[in-house]
Amino acid sequence: MLKIYNTLSRQVEPFKPISEGKVGVYLCGPTVYDYAHLGHMRSSVVYDVLVRHLREAGYEVTFVRNVTDIDDKILKRAAETSEHPSELAERIFKSYVEDYRRIGNLDPDLQPRVSEHIDEILKLVSRLIERDHAYVSEGDVYFRVRSYADYGKLSHRRLDEMELGASGRVSDAESERKEDPADFALWKSTPVGAPCSFESPYGHGRPGWHIECSAMSMHHLGETFDIHGGGLDLVFPHHENEVAQSECGTGQPFARCWMHNGFLEVNKEKMSKSLGNFFTAREMFERIHPEGVRYFMMTTTYRGPLNLDWQVDDQGEIVSFPALEDAERRVEYMYGTRKRLLQIADSQIVDGDDEPDSEIAQFADRLREKLDDDLNLPMALAVHAEMLRAINEACDQTISKKKKISRAVWSAAVSAMDHAAELLGLGAGDSTDVLNGIRDRKARQLGIDFEQVEKLIEDRRMARVERDFVTADRCRDELKSLGVELLDSPTGTTWRIP
């Protein structure tokens, strides 16, 4: 049975959906004013694996990830780039979709946008005013925080001890329009004709930051749904305010379970543009294969911090990301294993009594056990590594020692790797394409001449045919000096950059 740490109760709890066999998951998605960074990728991978795991367990999952396409940050960036805010938002949204897919995530079932849910937002605002949980002030509408007795139950902080404001989204002028400093905006007034401005009973304006998620999640998943996810930085004020306005608006519990992934840290500091340690996903994809980045995102428990380290040269230029590079090597090993397995000829596969090792035969059950344990991603990778090792040992017996492999062992190995691709999103690509892509990028970074490499490989092949082993060894040594490692197999010779 799946157990999840619930931020609301601060306990790991058995997961039981509201409706038998069905699960509603809502994830706070991006504010589309700038390209996705590595922190976004971590969050996306965590909840992608969660949804995959729930579906593998037999649940019918509705996965909703919102898009904030109306926000002060978007308006500010659009002014800087001389774009209309909606055009900027659409361009950046498409880049997010591309990056999410490149790292191996499945598309969510729904990606609702704020701009498409103004009616739902205004209905919720109106309901809160009617119930005296909100008030109008000079065209703005604010939520009365002290009207909700349970405010603070998600972040487990007392209202009087909280730092007020919303990540720089509150101006001094707005603060003066509030009855109480703790109150937050549900609707912000704007001049007629201003970008991203909509008509409302309170005058022209646009939604506040928090109201959007309540309106969209409840519209698509119901007033009470199963799982609400997001980054740890959203617990307060964003998610705390979602709980308050939602439960005051409906009189019903909001999300049953709250999941929060930890920060991505760079050299043990939170990633930040001001610290110069900020990396977009597409920048990193130029240095590390996206699947290597995905693997790295699973190397620590999702609730804890994930540290990205780097090494610099004498000029202060970044020359390597050790943890990411190690993750990429593991991806190479994974695809190399799959390639070896699929290269075993039909003539080497026989019907027999041999059974696969437990690491292969029991992989699906062992993986499910680790993911059931509050989505224990590091242990899931450990089980995955044991499975790959066992498959390589079977391949060694077949390829190197010319032994036959039973169809049961071969089929179980293929099935285990397919299951890893389906559940973890690891290994779903074409082995040759992935391995060659990593190799070619590394070779370009080292300034290796591809034509020279191919010529030396062909010269070596011809020398071996002619039994000129001195020349063959010389070619191999020359390739090695370039940083090239040869991989000989029954189907020919390929190369890699170790």
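Modeller: Start with a rule: a charge sits over a ring if NZ of Lys or CZ of Arg is within 6 Å of the ring centre and within 35 degrees of the ring normal. R303 lies over the face of Y5, at 4.0 Å from the ring centre. This is a predicted model, where local features need pLDDT of at least 70, side-chain atom pairs count only at pLDDT 80 or more, and totals for chains, interfaces and linings use all residues. Residues are numbered from 1 along each chain as its sequence is written, and side-chain values use heavy atoms, with hydrogens and water left out.

Biologist: What makes R113 a charge over the ring of F93?

Modeller: The charged end of R113 is 4.3 Å from the centre of the F93 ring. The limit is within 6 Å, so the distance passes.

Biologist: How many helices and strands does the protein have?

Modeller: There are 17 helices and 19 strands. Helices (H or I, at least four residues) and strands (E, at least two) are DSSP runs, numbered from the N terminus. The C-alpha atoms fill a box of roughly 90 × 55 × 35 Å, taken along the principal axes.

Biologist: Why is Y142 called buried?

Modeller: Buried means under 20% relative accessible area, exposed over 50%, and partly exposed in between (1.4 Å probe, protein chains only). Y142 has 0%, so Y142 is buried. Y135 has 7% relative accessibility, so Y135 counts as buried too. Of the 498 residues of the protein, 51% count as buried.

Biologist: What makes Y135 and Y142 an aromatic pair, and what kind of pair is it?

Modeller: Rings of Phe, Tyr and Trp (its six-membered ring) pair if their centres lie within 6.5 Å; planes under 30 degrees apart count as stacked, over 60 as edge-to-face and the rest as tilted. Y135 and Y142 are 5.8 Å apart, centre to centre, with 35 degrees between the planes. That passes the distance limit and falls in the remaining class, so the pair is tilted. By this rule the count comes to 11 aromatic pairs.

Biologist: Why is the pair of F254 and W258 tilted?

Modeller: The centres of the F254 and W258 rings are 5.9 Å apart and their planes stand at 55 degrees, so this pair is tilted. F254 has 1% relative accessibility, so F254 counts as buried. W258 also has 1%, so W258 is buried. Ring pairs link Y26, F225, F254 and W258 into a cluster.

Biologist: How do you know that the length of helix α7 is close to what is expected?

Modeller: The expected span of a helix is 1.5 Å times one less than its number of residues. Helix α7 (residues 235-250) has 16 residues, and the expected value is 22 Å. From first C-alpha to last, α7 reaches 21 Å. As for cover, 16 of its 16 residues are buried.

Biologist: What comes just after α7?

Modeller: G251, with a positive phi of about 75 degrees. G251 is found in the loop between α7 and β10 (255-261). At 53% relative accessibility, G251 is over the 50% limit, so G251 counts as exposed. G251 and E223 are 28 residues apart in sequence, yet 9.2 Å apart in space, C-alpha to C-alpha.

Biologist: How do you know that β18 and β19 pair?

Modeller: Two strands pair if DSSP finds at least two bridges between them. Strand β18 (residues 485-489) and strand β19 (residues 492-496) have five bridges, in the antiparallel sense. That meets the rule, so they pair. L487 stands opposite T494 in β19. A hairpin joins β18 to β19 through two residues.

Biologist: Why do β12 and β13 count as edges?

Modeller: An open sheet of three strands has the order β12-β11-β13, with mixed pairing. β12 (269-270) and β13 (306-308) each have a single partner strand, so one side of each is left without a neighbour in the sheet. Three bridges join β11 (residues 264-266) to β13, and these two run parallel. L264 has L306 in β13 as its bridge partner.

Biologist: Which residues lie nearest the centre of the second largest pocket?

Modeller: A pocket is, on a 1 Å grid over the protein atoms alone, an open set of points with protein on both sides within 12 Å along at least five of seven lines; lining residues have an atom within 4 Å of a point. The second largest pocket is lined by 26 residues, and G336, K339, R340, L487 and T494 lie nearest its centre. α10 gives the most to this lining, with eight residues.

How values were computed:
1 Å grid on protein atoms, 1.4 Å probe; cavity = no way out; pocket = protein on both sides within 12 Å on 5 of 7 lines; lining within 4 Å.
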